[in-house]
Amino acid sequence: MEQVWQDIEHLLIHKDRVITEIAGNGSGPAIAFCAGLHGNEPSGVIALKNVFAYLHRHNIPVNGRLLAFIGNRNALHHKSRYAQEDLNRMWTAANIRKLHNSGFKEQELNPEAVEMIEIDQLLQGFINHLNGQERYFVDLHTTSSPSVPFAAIDKQPQSYDFALQLPIPFVANLDDFLKGTLMHYLDHIKFRALVFEAGMHDDPASVQKHEAIIWLVLGMSGAIEEGLIPNYKGCFTLLQGLSDHPHKVFKILHRHHVADNRKFAMLPGFVNFQVVEQGMPLAIDHGKEVIAPYSGHIFMPLYQEQGADGFFIISRVDSH
Ligand SMILES: [Zn+2]
């Protein structure tokens with residue numbers, strides 16, 4: 001873990017938000033990659049650095065336009081999830097109106113609002129260069145407990161088709177339960193958009209999984225010729241091999257909201273996608289046992305101090 005943090009240190013010292021921007025050639029896709037939208041998740045930043053360093057070193061031709069950027073630079077610098085507000089819950093209709101029309105009031109300009117304004121300017125600049133080519137957005141995250149790699153999307157059909165191509169399970173209705181994700185904002189301006197969760201924050205293997213998804217997206221979208229990608233097949237099998245449910249679709253049935261992190265604790269030992277039965281005790285909240293309201297799979301159990309999502313219950317949509 002220490003090495004991971006050392007590797008991003010110079011990016012932060014130089015105050016760069018953009019890891020790389022490649023104008024490319026041809027009519028290929030426009031792809032924006034984000035990492036570190038949560039400041040305690042350095043893995044995606046390292047993976048983007050590694051992949052794009054490889055592209056530069058080997059002079060690999062890019063068909064289309066690529067952008068890779070850091071989300072919450074300030075929080076990443078402090079190795080914390082966020083300073084005052086979760087930057088991945090702020091992209092609401094009200095805030096987007098402020099970004100594009102009315103502006104933020106002085107007292108609203110907390111560290112995350114400042115990050116948000118900069119990211120939006122960067123994205124608007126990226127979008128201004130596009131003329132009708134396919135748009136992709138991949139937001140790289142990690143989880144507080146060990147997990148198989150998976151994706152989450154909103155309900156837009158273009159994003160559904162995109163996620164289905166990847167050898168991982170995905171949740172297809174995140175927007176019903178989480179408001180204001182950056183993915184949601186881009187999904188609604190016609191990007192094929194997904195959140196990719198590689199695994200645990202501190203696990204060096206999360207960097208490998210992030211690199212694998214970046215290469216897969218670059219290859220599948222046609223931005224980079226598959227033959228020029230180092231071990232393209234290996235990237236596919238790495239992700240596919242880690243999951244019992246590759247290419248399978250889940251929907252969220254239930255979200256347990258956490259009002260006060262000090263009063264909430266998951267019971268130990270739950271792992272992502274584990275089967276749970278209705279009535280099974282899952283957590284303690286305000287001194288009371290929280291039981292599973294439905295049978296299904298537990299999803300994103302919260303084993304860290306910050307965050308308002310205690311756990312989700314999900315179930316397979318395509319049960320055949
Ligand atoms: Zn995250």
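**Close-ups of salt bridges and a zinc site**

Arg 81 and Glu 41 are both buried (under 20% relative accessible area; exposed is over 50%, partly exposed in between, with a 1.4 Å probe and protein chains only). This is a predicted model, where local features need pLDDT of at least 70, side-chain atom pairs count only at pLDDT 80 or more, and totals for chains, interfaces and linings use all residues. Residues are numbered from 1 along each chain as its sequence is written, and side-chain values use heavy atoms, with hydrogens and water left out.

**View 1. Arg 81 and Glu 41 meet in a salt bridge.** The N to O distance here is 3.1 Å; the term covers a side-chain nitrogen of Lys or Arg within 4 Å of a carboxyl oxygen of Asp or Glu. Arg 81 sits in the loop between helix H3 (73-77) and helix H4 (93-102), and Glu 41 in the loop between strand E2 (25-35) and helix H2 (43-57), so the pair ties together parts 40 residues apart in sequence. Helices (H or I, at least four residues) and strands (E, at least two) are DSSP runs, numbered from the N terminus.

**View 2. Glu 41 turns up again, as a donor to the zinc ion.** The protein donors are His 38 (ND1), Glu 41 (OE), Glu 41 (OE) and His 141 (ND1), lying 2.1 to 2.4 Å from the zinc ion. Donors are N, O and S atoms within 2.8 Å of the metal (3.2 Å for Na, K and Ca), and since water is not among the atoms, sites may look incomplete. Along the chain, the zinc donors follow the spacing H-x2-E-x99-H. The four donor atoms subtend angles of 55 to 139°, which makes the arrangement irregular (four donors count as tetrahedral if all angles lie between 85 and 135 degrees, four as square planar and six as octahedral if opposite donors are over 155 degrees apart and all others between 65 and 115; anything else is irregular). Like Glu 41, His 38 is buried.

**View 3. Glu 115 pairs with Arg 17 in a salt bridge.** Their closest N and O atoms are 2.8 Å apart. Glu 115 belongs to helix H5 (residues 111-128) and Arg 17 to the loop between helix H1 (2-13) and strand E1 (18-22), so this contact ties together parts 98 residues apart in sequence. Glu 115 is buried at 5% relative accessible area, and Arg 17 is buried at 8%.

**View 4. Asp 176 forms a salt bridge with Lys 155.** The closest N and O atoms are 2.7 Å apart. Asp 176 is partly exposed at 42% relative accessible area, and Lys 155 is partly exposed at 46%.
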